[in-house]
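Visitor: Hi, I'm new to this one. Can you walk me through what I'm looking at?
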Amino acid sequence: MSDRVDSPLSATVTALRVIRGWTRKRLAAALGVRDTSISAYENGKKEPSMKTLQRMVAVMGFRPGFLFRVLALVEAGRAEIAELRAADPETAERAELEALVAMMTRSSEELWRLEVTRFRTKIRAIRERGEARRLWERLRSRAAAERPALVKEGSEFHSWALCELLCLESERAAADSAARAVELADLALLVARLVGWEEAARQGLEGWAWAFVGNARRVGEDFAAADQAFAQSATLWNAGGGARLEVLDGTRLLDLEASLRREQGRLDESLSLLERALKLVPYGPATGRLLVIKAKTLEELGHYDQAIGALRMAEPLIDADRDPRLDWVRKAILAVNLNYSGLSGEAEPMLPALRALARRFGNQLDLLRQRWLEGQVAVGLGRAEQAEAALFMVRAGFIDVGMSYDAALVTIELAELYASHGRTSEVKVLVLQSMPVFLDKKVHREAQRALQLFRKAAEAEVVTAALARSLVRYLLRARRDTRLRFEVSGDLGQR
């Protein structure tokens with residue numbers, strides 16, 4: 001039988017010593033004991049007392065409370081090992097569990113050196129990200145056309161953290177301007193190519209940036225270019241390697257591509273990518289973001305209850321102070337799905353806070369979509385005048401910014417509102433006034449065909465709320481599938 005003492009106090013000795021970077025000999029000298037005493041503590045031959053540990057903390061220059069933080073971490077690791085050992089050995093994961101147990105039960109010093117290395121990497125990354133923000137302020141003060149030359153000429157701009165920041169700025173810009181999103185993503189790609197990493201790691205960084213180029217192209221509805229960008233992203237990211245890439249969130253490549261697949265109507269592919277990403281991250285902020293994106297795909301599939309469930313799960317994982325936009329997006333999608341589920345009364349109390357956040361962001365499209373949501377909720381609550389005012393304003397806004405498909409959707413929602421109150425003559429006027437929107441090239445052929453059929457029904461003043469509702473559902477689906485046809489029966493009342 002082994003005479004080893006299985007104690008968290010023994011592992012804590014190694015943890016403290018390795019964090020400080022001391023040898024056993026140096027610690028022994030500082031304590032006035034033999035080297036063998038320290039070895040006995042660390043090898044589990046002898047258990048140190050709390051008084052001894054407190055002396056170690058003092059001689060190594062740690063604050064007194066630091067000891068208890070290290071003890072808590074050691075205990076957490078021991079608990080995880082105990083759970084793994086208690087797992088059913090006949091499960092399909094047996095080999096994986098045994099390998100993990102073996103890794104975690106290696107010498108304490110080896111494990112703690114690994115943890116300290118990771119800790120130092122995180123601290124260095126925080127410092128470099130802080131410097132990237134200062135570099136971005138310098139670039140932001142210059143005209144967009146001047147920035148590439150500045151980046152090429154100044155070696156201080158050849159920073160992975162600046163590349164990362166520009167990618168995230170591109171993503172934020174996409175909410176208001178696809179052109180600006182493309183400009184920032186292209187600049188990030190330039191920075192990636194100039195970073196002085198070894199070739200494999202630099203390729204991986206470039207692959208990460210290509211995903212944001214693809215996202216910017218998606219927002220600009222250049223899906224062919226977006227596809228090419230994501231293919232390039234995958235090739236370079238997979239060719240990359242090394243510890244340097246650990247500072248980047250690899251799940252972004254998956255969730256950004258998932259958004260493209262959703263836009264293309266490839267909803268099952270979108271969900272598959274998101275599920276892959278969710279398996280790669282622990283329960284934390286990245287999980288919250290992925291659940292929000294997943295909820296949007298579920299909404300597109302018409303699975304409103306599942307979308308609501310995902311958004312509820314994401315709520316505690318999102319820090320509203322650190323990422324107010326993601327918090328707003330989560331709440332907005334939740335309100336939309338509650339409304340679609342016939343729960344407009346639950347969505348309504350959310351609107352004032354959502355409106356305040358949209359105004360804070362100041363993006364024109366955010367404000368338009370926020371007002372659209374308010375109009376839809378008003379429809380659900382039976383407040384016709386309030387709904388009409390909101391939808392008319394949103395329709396005009398979409399026409400002004402050239403978003404004809406969305407303008408057509410809001411027009412049919414207004415037509416449904418009128419038809420539900422027997423205002424068929426007003427439906428006719430509304431639809432005839434909207435023909436330039438319906439015939440815009442941004443509205444694809446099959447959608448134009450459906451709108452022409454609706455126009456004929458409006459001219460004959462036979463539009464029903466059910467017909468308008470079915471056309472709205474069709475247009476929502478057909479945005480993603482341009483081959484989808486709108487089928488109607490002889491009375492134009494069925495799809």
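Predicted model: local features only at pLDDT ≥ 70, side-chain atom pairs only at ≥ 80, totals over all residues.

Visitor: Where is Asn339 placed?
Guide: Asn339 is in helix α17, which covers residues 324-340.

Visitor: Is Asn339 buried or exposed?
Guide: Asn339 is buried, because its relative accessible area is 12% and buried means under 20%.

Visitor: And what does Asn339 touch?
Guide: Not counting residues up to four places away in sequence, Asn339 touches Ser344, Gln376, Val377 and Gly380.

Visitor: Let's zoom out. How many helices and strands does the protein have?
Guide: There are 26 helices and zero strands. The protein has 495 residues, and 48% of them count as buried.

Visitor: What about contacts across the sequence?
Guide: Take the contacts between residues at least 6 apart in sequence: 63% of those join residues at least 24 apart.

Visitor: Back to helices. At what angle do α20 and α22 pack?
Guide: Helix α20 (residues 364-380) and helix α22 (residues 404-420) pack at about 20°, and their axes are 12 Å apart. Angles under 35 degrees count as roughly parallel, so α20 and α22 are roughly parallel to each other. Their crossing is left-handed. On the α20 side the contact is made by Arg369, Trp372, Gln376 and Val379, and on the α22 side by Asp406, Leu409, Val410, Glu413 and Leu417.

Visitor: Tell me about Ser270. Buried or exposed?
Guide: Ser270 is buried, with a relative accessible area of 0%. Leaving aside neighbours within four places in sequence, Ser270 is in contact with Ala258, Arg261, Arg262 and Thr297.

Visitor: How long is α10?
Guide: Helix α10 (residues 178-194) has 17 residues and spans 25 Å from its first C-alpha to its last, close to the expected 24 Å.

Visitor: Which residues of α10 are buried?
Guide: Among them are Ala181, Val182, Leu184, Ala185, Leu187 and Ala188. In general, residues three or four places apart in an α-helix point the same way, because there are 3.6 residues a turn.

Visitor: Last topic, loops. Where does Glu221 lie?
Guide: Glu221 lies in the loop between α11 (199-219) and α12 (223-239). Its phi is near 60°, a positive value in a residue other than glycine. Glu221 counts as exposed, because its relative accessibility is 57% and the cut-off is over 50%.

Visitor: What about Glu461?
Guide: Glu461 also has a positive phi, near 55°. Glu461 lies in the loop between α25 (445-459) and α26 (465-478), and it is partly exposed, at 37% relative accessible area.

Technical notes. Residues numbered from 1 in each chain as written. Heavy atoms only, no water. Helix = DSSP H or I, 4+ residues; strand = E, 2+ residues; numbered from the N terminus. Buried < 20%, exposed > 50% of the residue type's maximum accessible area, 1.4 Å probe, protein only. Contact = heavy atoms within 4.5 Å. Expected span 1.5 Å × (residues − 1). Axes fitted to C-alpha atoms, helices over the stretch in contact; angles between N-to-C directions. Parallel < 35°, antiparallel > 145°, perpendicular 65-115°, else oblique. Left-handed = near helix turned anticlockwise from the far one by under 90°.
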